[in-house]
Amino acid sequence: RHGAVKNEDTFKTSPFHFDLWFYFTLQNWVLDFGRPIAMIILPLEWFPLNKPSAGDYFHMAYNVITPFLLLKLIERSPKTLPRSMIYVSIIMFVMGASIHLVGDSVNHRLIFSGYQHHLSVRENPIIKNLKPETLIDSFELLYYYDEYLGHSMWYIPFFLILFIYFTGCFTPVEEESRMPLPALLLMGPSSLYYWYLVTEGQIFILYIFTFFAMMALVMHQKRKGLVLDSNGLFLFYSFIITLVLIALWVVWLWNDKILRKKYPGVIYIPEPWAFYTLHMSNLHPAKGSF
């Protein structure tokens, strides 16, 4: 029954949710990572520049399916979780992802007109010559909604929901602290997607704080004689592999002077799309202009 109180002192067995994690990973790869790829490879005649692209429809589907999967994941937690916080987080998630849909749609369509993601808005050749100059301010506002406000309202509740779910993934039974083969097979694709999410979304601070909170919770629960179940291990190990992938990404691009200029802060984590427009955009030349 919805809202029924579970006995916090009675730990229930929570088998690995292969179906949910599989659907979650699949739709992340297809609807999130795959949306800009679909926009680029599909014929431009099918989706004119003044109409939504295939990637936009992918994004719309993502905005509907992901909250549903997150809610189903929360429902399967053996522990009572704060429902009000979950619902508010889901609402913010949908709002942020929808804001991002609009900004990201325009920014990715600009690629076909020669926009270069490794440059700032004002440094882009197709932007800096706009007249009147106040139009540049409008593009910077669009960039703010896409990269800052949209990402914050999208990713903060996303990671918060994952962490809330993680708090219920503990058991006193050592035999339940192991991952089945399906979990091991899903770990690679899941970790690789989180790498893309963190690097493209520029949310390393949010990710690392979530990871540190997970580590602290694991150590705290261990002192109480509790260990992670299969779902908790899957999520925790996925975050660990993600951290390794991010480190390898940074080391690989450490001496890239152009990306260094784009990301001058203490935390240097280039976006994959900035790398694409800098080193691979010649594979897909501009296809016209607005």
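In this predicted model, the axes of helix 1 (residues 18-41) and helix 2 (residues 54-75) approach within 9 Å and cross at roughly 160 degrees. Angles over 145 degrees count as roughly antiparallel, and helix 1 and helix 2 are therefore roughly antiparallel to each other. Their crossing is left-handed. The residues that form the contact of helix 1 with helix 2 comprise 16 nonpolar, six polar and three charged.

Helix 2 also pairs with helix 5. The axes of helix 2 and helix 5 come within 10 Å and cross at roughly 25 degrees. Because angles under 35 degrees count as roughly parallel, helix 2 is roughly parallel to helix 5. The crossing of helix 2 and helix 5 is left-handed.

The two pairs are set out below.

| Helix pair | Axes come within | Crossing angle |
|---|---|---|
| Helix 1 and helix 2 | 9 Å | roughly 160 degrees |
| Helix 2 and helix 5 | 10 Å | roughly 25 degrees |

Helix 5 covers residues 134-166 and has 33 residues. From its first C-alpha to its last, helix 5 reaches 46 Å, close to the 48 Å expected at 1.5 Å a residue. Helix 5 has a bend of about 40 degrees at His-151.

An unreviewed UniProt entry places the feature "transmembrane region" at residues 20-42, 57-74, 86-103, 154-173, 203-220 and 232-254. Two of these spans can be described further. Residues 86-103 are 100% helix and 0% strand, with end C-alpha atoms 26 Å apart. Residues 154-173 are 65% helix and 10% strand, and the end C-alpha atoms of this span lie 35 Å apart.

Terms used: Residues numbered from 1 in each chain as written. Predicted model: local features only at pLDDT ≥ 70, side-chain atom pairs only at ≥ 80, totals over all residues. Heavy atoms only, no water. UniProt positions renumbered as here; feature names shortened; annotations may be inferred. Helix = DSSP H or I, 4+ residues; strand = E, 2+ residues; numbered from the N terminus. Axes fitted to C-alpha atoms, helices over the stretch in contact; angles between N-to-C directions. Parallel < 35°, antiparallel > 145°, perpendicular 65-115°, else oblique. Left-handed = near helix turned anticlockwise from the far one by under 90°. Nonpolar A, V, L, I, M, F, W, Y, C, P; charged D, E, K, R; others polar. Expected span 1.5 Å × (residues − 1). Bend = angle between axes of the 7 residues up to and from the residue.
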